[in-house]
Amino acid sequence: DTEPFLMKNAKVKLCLQASPMDGSLLLEDCNPESDFQDWSWQGNSLMNHGTQSCLSVVEADRVQTSLCGSTGYVSWDCSNSLLSPLGSSQGYLVANKKRVALNDVRGLKAQWQDVADRSVCEEKAEQDRYFTAALASTHMYDPTAGNVTLALGIDQVELEELLWFFRREDPSTWNYSILALSFVAMILGLLLLSINVVRNRKRKIHMYRETEQTIQQAELEAKQALMPVQEYSPAEPQKQEPVPQDQRSGEVVVQWKDGTVTSLYAERSEDAT
C-alpha cells in the first residue's frame, strides 16, 4: 500500500475532499489531518481513505465517490497532471468554484498536485513501482540451484495475472452468497427451535395427564380401602323383642335371675278396694 496524498488543484490551491454523507466532492482548504482529503491509487482507481470509496462518474459531467467496483467510471487515466475517465472521452477532472466536474479544459484548473506540488501522476508511478517491487518480493534465491525461482512454483506471467485478478475481483457475489447462506441457516434454526418447543409442550401435557390419572387412581383406591364392609346406621330402628301376650299395656314386669317373670305391682282386686 502506498502512502495517501492530498489532491490539490493547481489553479484554486484547494484540496479535493469527499463528503461522508452523500459522496459529493468539495474543494476545501488543504488539511493533512483530514482522512476525507486523503487519496491513494488502487491500480487505476483513486480511493478516498475517509469514505473507503472511489472517485466515479455518475452522470455526463458529474463526479462523486461511490463504492469501488460499482457502476460508473472508477478507473482514471493520469497524464501531465490531468485526470480523465479511462476509456472515455468525457473530458478531464476540472475545479469549478467549490466543486469539481468533467470538462474539456486542459489548463491549470484541470491539473492536480499533492501538497509538495508533485503531480498526482507521479504518485501513480510510485504506486506502480511499489507493485513491481511486491511482485519481485515473491522470488527467493536458491543457493543450491544458483538461480532465482518462484516460491510458489509458477512463472512470472501467471503470478502477475493471479495477483491482478485477486486484487481487482469484485467481492459482491461472495458477500451476497454468504448473506443468503446466513439467512437460510437462520430460517432453519428458527424452524428447528419451533419444532423443539412444540414437542416439549406436548410431552409436558402428556406427563401432566398421566400424573393426574395416577393421583386420581390412588385416591380412589385409598377411599375403597377405608370404606367398612357394613356401616352402622343409627337411624335404623332396633329390633324389639315381642311383648308377651299375657302382658298388658302399662304393666311393669321384672325378670328374675331364675328366669321367672312377675309383675312389679300386683293387681289389686276390686273387692280389696
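Biologist: Why is the link of cysteine 15 and cysteine 30 called right-handed?

Modeller: The angle about its S-S bond is 90°, and the link is classed as right-handed on that value. The model is a predicted one: local features need pLDDT of at least 70, side-chain atom pairs count only at pLDDT 80 or more, and totals for chains, interfaces and linings use all residues. Residues are numbered from 1 along each chain as its sequence is written, and side-chain values use heavy atoms, with hydrogens and water left out.

Biologist: What makes cysteine 15 and cysteine 30 a disulfide?

Modeller: The definition asks for a pair of cysteine sulfur atoms within 2.5 Å. Here the sulfur atoms are 1.9 Å apart, so the pair qualifies. By this rule the chain has 3 disulfides.

Biologist: What makes the link of cysteine 78 and cysteine 121 left-handed?

Modeller: The angle about the S-S bond is -95°. The sulfur atoms of cysteine 78 and cysteine 121 lie 1.9 Å apart, so this pair also meets the disulfide rule. Cysteine 78 lies in strand S9 and cysteine 121 in helix H1, so the bond ties together parts 43 residues apart in sequence. Helices (H or I, at least four residues) and strands (E, at least two) are DSSP runs, numbered from the N terminus.

Biologist: How do you know that lysine 8 and aspartate 117 form a salt bridge?

Modeller: The rule is a side-chain nitrogen of Lys or Arg within 4 Å of a carboxyl oxygen of Asp or Glu. The N to O distance for lysine 8 and aspartate 117 is 2.9 Å, so the pair counts. Lysine 8 is in strand S2 (residues 8-9) and aspartate 117 in the loop between strand S13 (112-113) and helix H1 (120-136), so the bridge joins parts 109 residues apart in sequence. Lysine 8 is buried at 11%, whereas aspartate 117 is partly exposed at 47%.

Biologist: Why is the pair of glutamate 123 and arginine 118 called a salt bridge?

Modeller: Their closest N and O atoms are 4.0 Å apart, and the rule says within 4 Å, so the pair counts. Salt bridges that share partners join Arg118, Glu122 and Glu123 into one network.

Conventions: Buried < 20%, exposed > 50% of the residue type's maximum accessible area, 1.4 Å probe, protein only.
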